[in-house]
Structures are given as C-alpha cells and as structure tokens.
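This report describes selected features of helix packing, ligand surroundings and backbone geometry. The sequence and the model are shown first.

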Amino acid sequence: MRCHPKNDSFGFLTLDEVRRRLAESVAWGVKEYYFTGGEPFLNPDLVPMLEATLKYGPATVLTNGTVWKPAWLQRLQAAEAASLYSLEFRVSIDGFSPETNDPIRGEGTFCRALEGIVKLVEHGFLPIITAARTWPEEQEPHVVGEFVRMLHDAGYRRPRLKILPLLRLGAEEQRTCGYLDSERVTPEMMDGYDRSQLICEHSRTVTDRGVAVCPILIESHDALLGQSLAEAAKPYPLQHGACFTCYQYGAICANPSAR
Ligand code: SF4
C-alpha cells in the first residue's frame with residue numbers, strides 16, 4: 001500500500017481505506033503487506049494502519065527512518081508482540097557515511113537515518129538496511145564491509161542489509177539517460193524464466209487513486225490497473241526499462257528473509 005509518495009500526484013491513504021483493502025485482500029490470500037511512499041510515516045494514521053494490518057498478516061514499512069517518534073515505536077512494539085505476525089522496517093540509506101550518502105539522499109540524512117535505526121534497535125526491531133548500488137560491482141565487498149562496520153559501531157549487532165540494483169527512473173533517469181530501447185524484456189527472454197521472481201506476478205500496489213501493477217512503475221501512465229484487486233488481477237506487459245532490471249535481478253522489492 002502506498003501511503004504518501006514523493007510528489008503531489010498521489011495523496012494519503014486513509015485508515016478506513018486501508019481497513020477496506022485489508023478486508024478485500026483476504027479473498028485473494030494475500031500473505032504479506034508492504035507500506036511505502038514517499039515517506040509512509042508522514043501519514044498521521046500509519047501507526048493505526050500497521051496495528052490493523054498485523055491482524056491480517058506480516059507487515060513491512062519502507063521508510064527513510066527520520067520522522068518517527070518513540071511513542072509510535074512503543075505502540076508498534078506492543079502491536080507486534082500481541083500479533084501472530086512480524087513487523088519489519090526497511091530503512092533506506094545509500095552510503096555508509098555522510099560523505100557517501102548525503103550527496104545522494106540530501107544533507108544531514110545519513111545522521112538522521114542512523115539515529116532512526118538506533119531507535120528501532122532499542123525497541124527490539126531488526127531493521128533491514130537497504131541501499132541502492134551506486135558503486136561499481138567490484139567494490140561491493142568493500143562497501144558491504146563498511147556498512148556492516150558502521151552499523152556495528154552504532155550498536156546494531158545483527159545488521160540485515162539488502163543491496164538493491166539501481167533503477168534508472170526519476171532522478172537516476174536524468175543522471176544516466178535512463179534505459180536504452182534495447183533494454184527491454186522480450187517474449188523470448190521469458191522462455192523458461194521463473195516469473196514468480198517478479199513482484200508484479202503475485203502482488204499489487206494500492207494507492208489513493210486505485211490499484212497499480214507495482215510500486216516501481218507507480219508514476220507510469222499505464223500502471224493503474226483498476227479500482228479493486230479483482231480489476232487489477234490481470235497480466236501486465238513487461239514493456240518498461242525498469243522491467244529489464246527486475247528481470248536481471250529478480251525479487252528486488254521483497255524482504256531478504258521473513259520471520
Ligand atoms: S517494473 Fe515491470 S517487471 Fe518489475 S515489478 Fe513492475 S511491472 Fe513487474
């Protein structure tokens with residue numbers, strides 16, 4: 001579910017809407033729920049939304065880690081303890097230091113995100129730290145080592161790290177010129193390919209404007225598939241450059257492991 005995107009083209013989901021969608025999801029056998037944005041914690045109803053969701057299944061929030069309050073974390077800690085299901089936090093940082101993160105995510109964001117991670121750990125959560133791969137692949141062992149060291153030093157003893165491929169969309173499209181016309185998934189490429197790796201194969205994204213194919217293409221003109229999960233349960237042609245990245249890397253939106 002998409003609670004508050006970065007631009008003004010989508011609005012907040014309401015608590016009533018989330019409750020309605022949760023009830024709707026039961027018939028579809030939905031096994032887990034993700035909340036993303038923009039920054040989902042800017043939605044004043046996110047905490048009750050997560051409390052409601054934990055009655056249905058595991059929930060994950062994708063956040064920049066900078067805006068929550070200790071009282072919210074205490075409520076969420078209690079909600080998870082009372083639930084059969086887990087609550088996961090995914091915190092985005094794109095570098096292991098202010099020098100490597102802030103040029104990408106904004107001045108001061110590294111320190112604020114790290115403070116948020118420490119608060120989560122203090123409340124008993126094991127956040128998944130996600131970073132988009134903005135470095136050459138041969139530097140991966142060094143960069144991952146630096147992330148782990150930084151998180152250890154901050155007191156996060158069992159850090160979970162997910163490195164994401166860079167999607168050439170939005171600001172990255174401007175920076176890199178986006179995808180070449182040749183970078184598209186063809187029918188031949190899908191021969192023998194395990195489609196279950198693609199999140200659009202088994203999930204949909206609820207927004208205040210309807211149900212979209214996936215969170216990656218949310219701004220695309222053809223992403224909105226209908227107003228209900230039933231209307232949106234149709235095949236989607238993998239015709240965007242971003243689909244090429246999904247094809248190469250598989251389940252880029254899923255958690256690395258679920259409890
Ligand atoms: S970007 Fe394309 S392949 Fe990836 S989840 Fe969305 S529709 Fe599917």
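Helix axes are lines fitted to C-alpha atoms over the stretch in contact, and the angle between two of them runs from 0 to 180 degrees between N-to-C directions. The model discussed here is a predicted one.

**Helix packing**

| Helix pair | Residues | Angle | Axis separation |
|---|---|---|---|
| α2 and α3 | 46-53 and 70-81 | about 5 degrees | 10 Å |
| α4 and α5 | 98-105 and 109-122 | about 105 degrees | 8 Å |

Angles under 35 degrees count as roughly parallel, and α2 and α3 are therefore roughly parallel to each other. On the α2 side, the contact is formed by V47, P48, L50 and E51, which meet W72, R75, L76 and A79 of α3. Sorted by class, this contact of α2 with α3 comprises 6 nonpolar and 2 charged residues, with no polar ones.

For the second pair, the angle of about 105 degrees makes α4 roughly perpendicular to α5. Here P98, N101, D102 and R105 of α4 meet T109, F110 and C111 of α5. The contact of α4 with α5 has 3 nonpolar, 2 polar and 2 charged residues.

**Ligand surroundings**

Which residues surround the ligand? The shell consists of I199, C200, C214, L217, Y236, L238, C243 and C246. By class, the shell around the ligand has 8 nonpolar residues, with no polar and no charged ones. The space that the ligand takes up is the largest cavity.

**A cis peptide bond**

Most peptide bonds are trans. In this model, however, G37 and G38 are joined by a cis peptide bond, with omega about 20 degrees. G38 is located in the loop between β2 (33-37) and α2.

Technical notes
Residues are numbered from 1 along each chain as its sequence is written. This is a predicted model: local features need pLDDT of at least 70, side-chain atom pairs count only at pLDDT 80 or more; totals for chains, interfaces and linings use all residues. Side-chain values use heavy atoms; hydrogens and water are left out. Helices (H or I, at least four residues) and strands (E, at least two) are DSSP runs, numbered from the N terminus. Angles under 35 degrees count as roughly parallel, over 145 as roughly antiparallel, 65 to 115 as roughly perpendicular and the rest as oblique. Contact means heavy atoms within 4.5 Å. Ala, Val, Leu, Ile, Met, Phe, Trp, Tyr, Cys and Pro count as nonpolar, Asp, Glu, Lys and Arg as charged, and the others, Gly among them, as polar. A residue is near a molecule or strand if one of its heavy atoms lies within 4 Å of it. On a 1 Å grid over the protein atoms alone, a cavity is a set of points where a 1.4 Å probe fits but cannot get out, and a pocket is an open set with protein on both sides within 12 Å along at least five of seven lines; lining residues have an atom within 4 Å of a point. A molecule sits in a cavity or pocket if more than half of its atoms lie within 2 Å of its grid points.
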